[in-house]
Amino acid sequence: MYKRYNNNNQGRGQRNRFYGRTSGNRRTIKKLHPSLFVNKSIEEEAQVEQLSSVTFADFAISDQLKKNILDRGYTIPTPIQEKAIPALLAGNDVIGIANTGTGKTAAFLIPLINKVLADKNERALILVPTKELALQIVEELKELKRGMNIDSTLIIGGASMYRQTQELRHNPHFVIGTPGRVKDLIQQRKLNLEMFQNIVLDEVDRMVDIGFITDIKYFISMLPKKRQSLFFSATVSGEAGEILKRFVVNPVTISVKQSDNVDKIDQNIVELQNGYSKIDMLHNLLVKEGFDKVLIFGQTKWGIEKLTKNLIERGFKVAAIHGNKSLGQRTRALEMFKRSEIQILLATDVASRGLDIDNVTHVINYDAPESQEDYIHRIGRTGRAGKRGVALTFVD
């Protein structure tokens, strides 16, 4: 079923030759060589983790906020939290270079909540590339601001614009949104960026990657000159660097960027065997022991929908997220998967960034990704929080 390619240095050394260019200067790969999908996870010697000597109780924040943090189960800050929170509390602009899953959401929410709690005239705008990430931030904010009488509004496509407009009329302290809907509301004069003294651009590299650079520059041009600016990205180069120059002033730069954590992911390919269809091969994998929480990626929403129906007919507990699903459907699917009420979540690449889902045992690329970057982001949903994971890619 699996075929092993020698991928010591050969595949990695040849990666650049597979890259091409498309409009928007986004790197793509017409067809990745199968060797790039093969890598045995490395068994590392057990090491004593060097924990921070700082706790959340040591930060100069309100007692209520400290209680909410403790209720969330947070005691020791992650590296990005330990470094970013004091800088933000001091009023500095911050550039945070960090991978997804490093705790950066709490790193910017905690000081912003504390700032709003001290002065209810403060307002914060948080811009993110995807609906799923926006929803995730809203949930984190909800827990951290509990009992503080702080209002927030979610501004994303697929939800009622009328309701969002009504909520904006009450001048919420936090607005979390995606660029498309934010731009719509600005142009309808329902949202005025001049009212926000605190701005967060999160996952900037992804916003650039999916074509929002012009919108982001437009937003920056409308912001008040006096503001606190927070910039978070996994990488800063090219167009993301252009945004950075316009956005921050005398920033504190904090980098806890780690190499893509593929060494903890056992990567392999799946080749079709004589007499087996692709769906039969997938079925045979999913019934194996250990495939407890599986994320399956496909290229198109139509293909994902067809595969979802097929797996349901075969008796699997499945849900899907893609562009044709409503916001409510996508939210329910994610929650069911997080709570392990379903075994399998199928998705297009809309889910490959920003999602923090615990204990994903396997990522299966039913359709091979278009680029090495997409591949890394897909498989990065497993092998998280120090656990090992498995990534399998179907190849022709």
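Let me start with the charges that sit over rings, where a charge counts if NZ of Lys or CZ of Arg is within 6 Å of the ring centre and within 35 degrees of the ring normal. K183 lies over the face of Y218, at a distance of 5.8 Å from the ring centre, and K293 is placed over the face of F337, at 5.5 Å from the ring centre.

Before I go on, please keep in mind that this is a predicted model, in which local features need pLDDT of at least 70 and side-chain atom pairs count only at pLDDT 80 or more, while totals for chains, interfaces and linings use all residues. Residues are numbered from 1 along each chain as its sequence is written, and side-chain values use heavy atoms, with hydrogens and water left out.

Now to rings that meet other rings. A pair of aromatic rings is described by the distance of the centres and the angle of the planes. Here, rings of Phe, Tyr and Trp (its six-membered ring) pair if their centres lie within 6.5 Å, and planes under 30 degrees apart count as stacked, over 60 as edge-to-face and the rest as tilted. By that rule there are five aromatic pairs. One of them joins F56 and F59, whose ring centres are 5.9 Å apart and whose planes stand at 65°, so this pair is edge-to-face. Ring pairs also bring Y74 together with F56 and F59 in a cluster. Are F56 and F59 buried or exposed? Both are buried, where buried means under 20% relative accessible area, exposed means over 50%, and partly exposed is in between, with a 1.4 Å probe and protein chains only.

Let me step back to the whole chain. It has 14 helices and 16 strands, which are DSSP runs numbered from the N terminus (helices are H or I with at least four residues, strands are E with at least two). Of the 396 residues in the chain, 52% are buried.

A124 gives us a buried example, because its relative accessibility is 0%, and this residue belongs to strand β5, residues 124-127. Leaving out residues up to four places away in sequence, A124 touches L112, H173, F174, V175, F196 and N198, where a contact means heavy atoms within 4.5 Å. A124 and L112 are twelve residues apart along the chain, and their C-alpha atoms are separated by 7.4 Å.

Next, how do helices α9 and α10 pack? Helix α9, residues 213-222, and helix α10, residues 239-247, meet at an angle of about 5°, with their axes 10 Å apart. Therefore α9 is roughly parallel to α10. Axes are lines fitted to C-alpha atoms, for helices over the stretch in contact, and angles run from 0 to 180 degrees between N-to-C directions; under 35 degrees counts as roughly parallel, over 145 as roughly antiparallel, 65 to 115 as roughly perpendicular and the rest as oblique. On the α9 side the contact is made by I213, I216, K217 and I220, and on the α10 side by E239, E242, I243, R246 and F247.

Finally, a word on the backbone. Most residues other than glycine have a negative phi. E203, however, has a positive phi of about 55° although it is not a glycine. E203 is in the loop between β8 (198-201) and α8 (204-209), and it is buried at a relative accessible area of 3%. S340, also not a glycine, has a positive phi near 60°, and it sits in the loop between α13 (327-338) and β14 (344-347).
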